[in-house]
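Subject: Structure handover

Hello,

Here is the structure for you to look over. My notes on its cavities, cores and pocket follow below.

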Amino acid sequence: MNMLKTIIKGSMIVGALAMSFPTLAGNEDRIGSAGASEMLVNPWARSTAFGSAGVASTDGLEAQFANIAGLAFTDQTQIKFNYTNWLGDAGISLNSAGIAQRVGDQTVIALSLQAYGYGDIDITTVDLPEGGIGQFSPRKNIINIGFAREFSNSIYAGLNVKVLNENIANLKATGVAFDAGIRYVTGEQDQIKFGITLKNVGTPMSFTGDGLSKEILYQTTGGVATMVQRSASFEMPSLLAMGFSYDFIFDESSKLTAAAAFHANSFTNDQFNIGLDYGMAYDKAAFNIRAGFVGEKAIFNREESTNSLTGLTAGVSVDALLGENAIPLGFEYAMRTSNPFGIINTFGVTLSLK
């Protein structure tokens with residue numbers, strides 16, 4: 001009976017928060033009208049392999065993307081480096097790095113960076129359409145500063161601040177966004193979890209720079225003036241995500257986590273996520289295998305789908321104490337399927353100090 005009461009209580013919390021978010025759920029008329037779509041890309045391997053379904057279960061630094069409340073479950077110090085060949089053979093690199101640090105019995109802070117690289121692109125003009133006058137390198141960077149706290153044995157919450165920068169040779173845009181999330185944990189072994197997070201709520205962005213200016217020659221006087229055009233502003237891809245997970249604990253060394261989540265997107269199709277994570281531990285090592293699926297409208301119809309990703313995810317991770325000093329290192333891998341870009345791979349390494 002007590003278990004039923006806690007489940008009902010958690011459901012009421014999630015439901016009440018969801019009802020306060022009626023204006024941001026998927027509106028098909030607004031699809032494609034936002035910018036900064038890189039904020040929707042999961043940069044971390046373990047939660048990616050899980051189908052990004054870990055709104056209620058992702059812990060540590062990766063919770064800065066999934067649900068910032070999960071940052072509160074960091075043991076002591078966690079350092080991560082991940083690399084993704086974004087969109088397969090498209091030649092786009094996504095490098096991610098971060099550190100999470102416990103600063104008290106109940107508080108954890110984190111700092112992470114995601115940097116997109118698009119390679120060198122030839123500069124072309126109307127007079128020189130073939131280039132040959134130099135190259136430029138577009139960049140997109142996201143800086144995350146996160147804070148999470150344990151308020152009780154059941155309630156955890158956090159706040160994440162994002163600073164976003166996009167630039168090419170002569171144009172740039174900068175914006176600030178916020179994430180907020182909570183997690184509710186219950187069960188005799190804390191095996192039942194609920195999570196809810198509001199993400200990417202921030203200021204409109206617009207591009208500025210010399211790329212919007214053009215010299216004009218006045219034929220009558222021979223004078224030259226500079227005309228500066230103004231760029232239209234665009235919104236960030238805000239969303240609300242709700243999730244649930246359950247741990248099937250077989251014994252002290254093996255556990256299966258099943259999770260489901262729903263992402264209500266403001267400017268893209270809503271998504272549902274499912275994930276499975278089976279973990280085994282042996283002495284000084286642990287092994288996890290993960291699989292997931294991210295579904296949305298027309299995901300199996302390439303003619304109507306608005307997403308190049310086709311939904312399937314999978315991956316593995318190995319954590320071990322290495323060397324005489326027992327350094328706690330973890331290695332992770334995740335894959336995402338896409339059409340027409342093929343397989344998107346994410347590789348990473350994690351140092352976790354307890």
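The second largest cavity holds about 30 Å³ of space. A cavity here is a set of points, on a 1 Å grid over the protein atoms alone, where a 1.4 Å probe fits but cannot get out. Points are joined across faces, edges and corners, and a volume is the space filled by probe spheres set on them. Asn-42, Ser-52, Phe-65, Ala-66, Lys-199 and His-263 line this second largest cavity; lining residues have an atom within 4 Å of a point.

The model is predicted: local features need pLDDT of at least 70, side-chain atom pairs count only at pLDDT 80 or more, and totals for chains, interfaces and linings use all residues. Numbering runs from 1 along each chain as its sequence is written, and side-chain values use heavy atoms, with hydrogens and water left out.

Confidence first. Mean pLDDT (the predictor's per-residue confidence, from 0 to 100) is 88. A score of at least 70 is reached by 92% of the residues. Residues 1–25 stay under 50.

Now the largest cavity. Its space is about 120 Å³. It has 13 lining residues, and Val-41, Pro-43, Phe-65, Gln-114 and Asn-144 are the closest to its centre. Helix H3 (63–66), strand S3 (107–117) and strand S6 (139–150) each give at least two lining residues. These are DSSP runs numbered from the N terminus: helices are H or I, at least four residues, and strands are E, at least two. S3 has the largest share, three residues.

Phe-65 also sits in the largest nonpolar core, which has 12 residues, including Trp-44, Leu-61 and Tyr-156. Such a core is a set of buried Ala, Val, Leu, Ile, Met, Phe, Trp, Tyr and Cys residues joined through side-chain atoms within 4.5 Å; buried means under 20% relative accessible area (1.4 Å probe, protein chains only). Apart from this core lies another, of nine residues, among them Met-39, Ile-142, Ala-177 and Phe-234.

Last, the second largest pocket. A pocket is an open set with protein on both sides within 12 Å along at least five of seven lines. This one holds about 910 Å³. Its lining has 42 residues; Ser-37, Leu-40, Gln-271, Asn-307 and Leu-309 lie nearest the centre. S16 gives the largest share, four residues.

Best wishes

Methods. Contact means heavy atoms within 4.5 Å. Buried means under 20% relative accessible area, exposed over 50%, partly exposed in between (1.4 Å probe, protein chains only).
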